[in-house]
Amino acid sequence: MTRPVSLLYFLPLLLLLLLSLCYHVLADSHFEGFEAEEEDDVVEETIDPNAFKLPDLPLTLSESPPISTPTPDPKEPDPKPSKPSPPPSTTNFEFWDEDEFEGLPSHQPHIESVVITESATPDATVQTPDPKPTTVSKKKQSFLVEIVCVSFLIMFVINYFTGKRENENLALSWASKFATKDSIFEKNFSLLGVGEGDDSPLLLKEGQNVFKFYASGRRYCQGLLATMELKSRHDLLSRIYNMVIPCKDEISIEVYMNDDAMDHVVFALARKKMAKAMQKELRDLQRFAGSVVQPPNGRKWVAEELAVVSESKEVAGDLITEAVLEQVFGEKSFEKHGNGFISMHVSDQLPGTQKKMLLFKFALPDAKNMADMTRLVALVPYYIDLVGRYKLSSQARSKTEAARAKAAQEAYKELQGARQEALQKKKAERKKMLEEAEAKLSAEAIRKKEEKERARQMKKAMPKVKMTRGH
């Protein structure tokens, strides 16, 4: 009697399962686009009680949380071997409408596969490595990149302000040494700075590493412009580059001479390597200065490190005086005071609107050692007076005038050649445009154009008849 009683206990549960299954089927049919019919034929299904073989297990209605069972040791025998569970049986639905119950699985999955997957999941979780270390390492890497970027930005900002301040201090140190009261430029020029008033600034800042100084009010010249091109200390990348390939802070001084105060002079003095480069690159030295002037016999000359490029030996001998050799360009004086000298260029044939100029280029020392270039800066007013008073001899003048006339003819020929080339180019472009326009015309338009051109040629070939009126 125990078996039927247990089956009676399970009948309500089976009815509930059937009702829930019907509910889900009806819900699925609603979403599949089928509407419930008003009158459905209810088919009673007979359930075979022998189809359900359930083990004798106690029933409890309370839900208990899942209990993790420890995995048994294969070495220890199981004291209470469990009986194999009978295979589940499925309910036989004799009346099944495939069109109405669409989307349901044709067969139910076997329980053994579920059991295998459930028993395999703990082993899989044990064998799979913990993904936390990889995520932590990725986070560390991302933080490392951010730290490097932020530190580089901080260093860049700090270097910007410190480098900017260093360049300003260097420029102000030069101005305070040579452009203030009782200095070289103050004694030789009446107006210093970029303004007209007494409170006008001495320096004009055009960039973080470019500063300019202007002076005027002196005989033989219109004015002077000094441009300081310093290292890009405010740029961190440029600072690192300068550590690998060092460069110098330079100052270029341009003196604009008056037209009536300078004779025919083309002269350059620089270090040997620099002098060769100037002779190849500068147009006036290419045309008028033939080669490097050799040292004259029986006279002191510039140091061995320097080279002179001049239009004639007379000009070179007259511009390199004994005073200059003793102060800067001599063998002994150049070792002490000529470390910052780069080049000097005197010419009356420079390209541009201002042809007569004196060009000086020096290397700037540190702000604390600015007095080391005092003799180099003193060369500027000295050569302004020397070149302004200098006059060529008649023989040298005739040679220089002939050379300049020849250069003017060559320049005129070059200008004419450039004009002819431009005209030829313009004609070729116009011809090409006409050919392209003709290619786009139709056959009828081309025929009419040829007839018109033929008529014009025939009219041109006919003899001209002069008609006179009879009296």
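Colleague: Is Asp182 buried or exposed?

Modeller: Relative accessible area decides this: under 20% is buried, over 50% is exposed, and partly exposed lies in between, with a 1.4 Å probe and protein chains only. Asp182 has 57% relative accessibility, so Asp182 counts as exposed. Please note that this is a predicted model, in which local features need pLDDT of at least 70 and side-chain atom pairs count only at pLDDT 80 or more, while totals for chains, interfaces and linings use all residues. Residues are numbered from 1 along each chain as its sequence is written, and side-chain values use heavy atoms, with hydrogens and water left out.

Colleague: Where is Asp182 found?

Modeller: Helices (H or I, at least four residues) and strands (E, at least two) are DSSP runs, numbered from the N terminus. Asp182 is in the loop between helix H3 (132-178) and helix H4 (184-188). Although Asp182 is not a glycine, its phi is positive, about 60°. Tyr220, also not a glycine, has a positive phi of about 70°; Tyr220 is in the loop between strand E3 (210-216) and strand E4 (221-229).

Colleague: Which residues does Asp385 touch?

Modeller: Contact means heavy atoms within 4.5 Å. Leaving aside residues up to four places away in sequence, Asp385 touches Arg218, Arg219 and Tyr220. Asp385 itself belongs to helix H11 (residues 374-389), and it counts as buried because its relative accessibility is 13%.

Colleague: How many disulfides are there?

Modeller: A disulfide is a covalent bond between the sulfur atoms of two cysteines. The criterion is a pair of cysteine sulfur atoms within 2.5 Å, and by this rule the count is zero. As for individual cysteines, Cys149 has a relative accessible area of 43% and is therefore partly exposed; Cys247, at 35%, is partly exposed.

Colleague: How many aromatic pairs does a search of the whole structure find?

Modeller: A pair of aromatic rings is described by the distance of the centres and the angle of the planes. Rings of Phe, Tyr and Trp (its six-membered ring) pair if their centres lie within 6.5 Å; planes under 30 degrees apart are stacked, over 60 edge-to-face, and the rest tilted. The search of the whole structure finds twelve aromatic pairs. Among them, Phe152 and Phe156 form a tilted pair, 6.4 Å centre to centre with 40° between the planes. Both residues lie in helix H3, four residues apart, which is about one turn of the helix. Tyr160 and Phe161 form an edge-to-face pair, with 5.3 Å between centres and 85° between planes. Of these two, Tyr160 is partly exposed at 27% relative accessibility, whereas Phe161 is exposed at 51%.

Colleague: Which residues do ring pairs link into a cluster?

Modeller: The cluster consists of Phe329, Phe341, Phe360, Phe362, Tyr382 and Tyr383.

Colleague: Which residue lies over the face of Phe288?

Modeller: A charge sits over a ring if NZ of Lys or CZ of Arg is within 6 Å of the ring centre and within 35 degrees of the ring normal. Here Arg404 lies over the face of Phe288, 4.9 Å from the ring centre.
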